[in-house]
Amino acid sequence: MPNTTYHTLEEIQQRKDELQSGIQQQGDQIGTLWRGLFAPQKANSKGELMAHLVANSITAIDGFLLVRKLMKSYGYLFGKRKKR
């Protein structure tokens with residue numbers, strides 16, 4: 001970041017406006033990328049549809065197994081007591 005010397009309030013206001021417009025442009029770009037990341041992608045063929053279905057199923061099973069393992073190990077944190 002260059003060390004710029006400002007001599008008037010107008011120079012400061014101009015720099016502030018430049019920075020604000022840059023921040024706004026970057027925010028818009030990030031918003032576009034974020035929406036594109038989570039937008040559902042449509043399958044063009046039955047093969048792609050099946051691939052998406054399998055991938056989502058594997059993710060769901062993996063999540064279920066992770067929760068099961070965590071509940072078994074740390075269930076006491078959630079009010080579950082170990083059976084004796």
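Author: Start with the overall surface: the protein chain exposes about 8700 Å², and 60% of that area is supplied by carbon and sulfur atoms. (Accessible areas use the Shrake-Rupley method and a 1.4 Å probe, with only the protein chains shown as cover for residues.) This is a predicted model, where local features need pLDDT of at least 70 and side-chain atom pairs 80 or more, while totals for chains, interfaces and linings use all residues. Residues are numbered from 1 along each chain as its sequence is written, and side-chain values use heavy atoms, leaving out hydrogens and water.

Of the 84 residues in the protein chain, buried ones make up 1% (buried is under 20% relative accessible area, exposed over 50%, partly exposed in between). The fold has two helices and zero strands (DSSP runs of at least four residues for helices, at least two for strands). With a radius of gyration of 26 Å, well over the 12 Å of the globule rule for 84 residues, the protein chain is more spread out than a compact globule; the rule is 2.2 Å times the number of residues to the power 0.38, and the radius is taken over C-alpha atoms. Along the principal axes, the C-alpha atoms fill a box of roughly 75 × 45 × 20 Å.

Now look at a nonpolar surface patch of about 850 Å². Leu-66, Val-67, Leu-70, Met-71, Tyr-74, Tyr-76, Leu-77 and Phe-78 make up this patch (such residues have over 30% relative accessible area and no salt bridge, and nonpolar side chains are joined within 5 Å, like charges within 9 Å). Among them, Phe-78 sits in the segment after α2, which covers 46-74. Phe-78 has a relative accessible area of 60%, so this residue counts as exposed.

Next, move to helix α1, residues 9-38, which holds both Glu-18 and Arg-15. They are three residues apart, about one turn of the helix, and their side chains meet in a salt bridge, 3.6 Å from N to O (a Lys or Arg side-chain nitrogen within 4 Å of an Asp or Glu carboxyl oxygen). Searching the whole structure finds one salt bridge. Glu-18 is partly exposed at 43% relative accessible area, and Arg-15 is partly exposed too, at 31%.

Finish in the loop between α1 and α2, where you will find Lys-42. Lys-42 has 73% relative accessibility, so it is exposed. His-52 is ten residues from Lys-42 along the chain, and their C-alpha atoms are separated by 9.4 Å.

Terms used. Buried < 20%, exposed > 50% of the residue type's maximum accessible area, 1.4 Å probe, protein only.
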